[in-house]
Amino acid sequence: MNESRRLRGCKKTFVYFRGFAPSVALVWALACVSPRVASAEQETPAAVAQAPASVEQVGKQMPARQRSSPWLLVPVVSSNPKLGTSFGGLGAYVRQFDPDSRVSLFGLTYQYTSTHSTVAAVVARTSFGADHHRIVALAAAGFIKNEYEDYLGSGQPLKTNDDMKAVLGRYLYRVKGDWLIGAQGSAANYQVLGESAEADLVLETLGVQGFESAALGAVVMHDSRDSEDMPTGGWYLNLNNFAYREALGGATSFDAYRADIRGFWRHGGRHVLAFRQYNWLTSDAPSGAQATVILRGYKLGQYLAPYMSSIEGEERLSFSARWGATLFVGVAGLYGEDTAVSAARNVYPTAGAGIHFVIKPAQRMLINFEYAQGVEDNHGVFLKFGYGW
């Protein structure tokens, strides 16, 4: 069964973009779920008393010329047996437009893999008007090379050159308190070409083709977290959908719904216990566009089903104002009516640990190095901007 689930995941080739571009997925996730950033003055006196060497205080103590630097440069590295090794970076310009808005970010990310694939993306994440308006946007393009010894169990080796282009955008408006509503849209084009005439014949025989999609959707969000990248309290809820429609220019029509809830509790002075429960539901989606496992250590698009639900817990330890560690566990379940595959394996656990270094104390931004272990030889090492979620 497991092999059949993996093969189905390959049937729509655009899913490989999700696997080969974790840095692009990262900056989009950061853009889409960013809350208002709390200033040092927003910390309660009790919290400050419990954490005399807190990140906020370090930011106050730093010289003004260090605090005011608007530039951010972070390496991005990952390695696992499914994707090989990739490396690249994220460069960004950071600015806060007014005192009541969160920090805005305008960045560029690039990634090169050991399979000679390249992916680049431009991201903008803005907040203005006392954080009543938030706009996020992403434009990505890439050239992805895939090589298979036995493609889809056909016994045929295959090499493909895949071109990818995608744009995504979201607008949110604060309606009351910590509640925001808005709209989002996306469009993607993924073209698959064999490296030779024989490879094209294999693709044609197996029915593998490129994927075009276009969608619109709505968003409802609640966000009471006290920081964008290093929350120490509050909770977050994101309910959204994408309606993919041929009338918008896509190849097929289907629906996707997501519900994401997270909570953060400060304890022991400056340590944080974090919790996340995530759901991804699809309706009438082609196999390659169905829900996938959203856990560290697993390749996006490797395992697919109509529905996915996951739960994660993470302990974020703080050893000093700049250094800390993470310990995390999680499990995801794939389910839904699907006569094409057996459901012998539905559950995918993960566990791991890492260390982090705070690169911008005043803005509470960090770089994170983690190892995650799953099942069936799924594991990975990641160096990236921000926590896993």
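Me: Let's start with Arg 364: is it buried or exposed?

Reply: First, a caution: this is a predicted model, where local features need pLDDT of at least 70, side-chain atom pairs count only at pLDDT 80 or more, and totals for chains, interfaces and linings use all residues. Residues are numbered from 1 along each chain as its sequence is written, and side-chain values use heavy atoms, with hydrogens and water left out. Buried means under 20% relative accessible area, exposed over 50%, partly exposed in between (1.4 Å probe, protein chains only). Arg 364 has a relative accessible area of 2%, so it is buried.

Me: What is the phi of Arg 364, and where does the residue lie?

Reply: The general idea: most residues other than glycine have a negative phi. Arg 364 has a positive one, near 60°. It sits in the loop between strand 16 (347-360) and strand 17 (365-373); helices (H or I, at least four residues) and strands (E, at least two) are DSSP runs, numbered from the N terminus.

Me: And Asp 284, buried or exposed?

Reply: Asp 284 counts as exposed because its relative accessibility is 71%. Its phi is also positive, near 60°, and its loop runs between strand 11 (271-283) and strand 12 (291-292).

Me: How many helices and strands does the protein have, and what share of its residues is buried?

Reply: You'll find seven helices and 18 strands. Of the 389 residues, 52% are buried.
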